[in-house]
Amino acid sequence: MSDNTIPDSQPNNPLHGIKLADIVAHLVECYGWAELGERITIRCFTHDPSVNSSLKFLRKTPWARERVEGLYLKSLRDAKKK
């Protein structure tokens, strides 16, 4: 019997199909730039923040992107608890 699953399918990845721009927009909506800059201390959140500058930085910096994705998942968990 052959396995008909699509190789690109990631059913256990909660970030699959979510754009980085949507993640940043969600975090800004939840926390605002000031608190976001306190939670994840990166310059694109603390000095003249914008979605575009943040995306440019996060696409080049894997460690920062991981922190942002982790905070996004935490915010979703926290929202479910409420």
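## Overall fold

The chain's secondary structure comes to four helices and zero strands. Along the sequence, the pattern reads α-α-α-α. This is a predicted model, in which local features need pLDDT of at least 70, side-chain atom pairs count only at pLDDT 80 or more, and totals for chains, interfaces and linings use all residues. Residues are numbered from 1 along each chain as its sequence is written, and side-chain values use heavy atoms, with hydrogens and water left out.

Of the chain's 82 residues, 28% count as buried. Buried means under 20% relative accessible area, exposed means over 50%, and partly exposed lies in between (1.4 Å probe, protein chains only). The chain exposes about 6100 Å², and carbon and sulfur atoms supply 51% of that area. Accessible areas come from the Shrake-Rupley method with a 1.4 Å probe; for residues, only the protein chains shown count as cover. Take the contacts between residues at least 6 apart in sequence: 49% of them join residues at least 24 apart. Contact means heavy atoms within 4.5 Å.

## Helix α1 against α4

Two packed helices are described by the angle between their axes and the distance between the axes. Helix α1 spans residues 20-39 and helix α4 spans residues 62-81. Their axes come within 10 Å and cross at roughly 95°. That makes α1 roughly perpendicular to α4. The classes are: under 35 degrees roughly parallel, over 145 roughly antiparallel, 65 to 115 roughly perpendicular, and the rest oblique. Axes are lines fitted to C-alpha atoms, for helices over the stretch in contact, and angles run from 0 to 180 degrees between N-to-C directions.

From α1, the contact draws on Leu20, Ile23, His26, Leu27, Tyr31, Leu36 and Arg39. From α4 come Arg65, Arg67, Val68, Glu69, Leu71, Tyr72, Ser75 and Leu76. The residues of this α1 and α4 contact divide into nine nonpolar, two polar and four charged. Here Ala, Val, Leu, Ile, Met, Phe, Trp, Tyr, Cys and Pro count as nonpolar, Asp, Glu, Lys and Arg as charged, and the others, Gly among them, as polar.

## Helix α3 against α4

The axes of α3 and α4 come within 5 Å and cross at roughly 115°. Helix α3 contributes Phe57, Leu58, Arg59 and Lys60 to the contact. Helix α4 contributes Pro62, Trp63, Ala64, Arg65 and Val68. The residues of the α3 and α4 contact divide into six nonpolar, no polar and three charged.

Leu20 sits in helix α1. Leu20 is buried, with a relative accessible area of 5%. Setting aside residues up to four places away in sequence, Leu20 touches Leu55, Leu58, Arg59 and Arg65. Leu20 and Leu55 are 35 residues apart in sequence, but their C-alpha atoms are 7.1 Å apart in space.

Ala21 is also in helix α1. Ala21 counts as partly exposed, at 26% relative accessibility.

Ser54 is found in helix α3. At 0% relative accessibility, Ser54 counts as buried. Not counting residues up to four places away in sequence, Ser54 touches Val24, Trp33, Cys44 and Phe45.

Arg43 lies in helix α2. Arg43 is exposed, with a relative accessible area of 60%. From Arg43 to Ser54 is 11 residues in sequence and 8.8 Å in space, C-alpha to C-alpha.

## The α2 to α3 loop

The loop between α2 (43-46) and α3 (51-60) holds Pro49. Pro49 counts as partly exposed, at 28% relative accessibility. Leaving aside neighbours within four places in sequence, Pro49 is in contact with Trp33 and Cys44. Pro49 and Gly37 are 12 residues apart along the chain, and their C-alpha atoms are separated by 9.1 Å.

Asp48 lies in the loop between α2 and α3. Most residues other than glycine have a negative phi. Asp48 is not a glycine, yet has a positive phi of about 50°. At 71% relative accessibility, Asp48 counts as exposed.

## Cysteines

Cys30 counts as partly exposed, at 43% relative accessibility. Cys44 counts as buried, at 10%. A search of the whole structure finds zero disulfides, a disulfide being a pair of cysteine sulfur atoms within 2.5 Å.

Technical notes: Helices (H or I, at least four residues) and strands (E, at least two) are DSSP runs, numbered from the N terminus.
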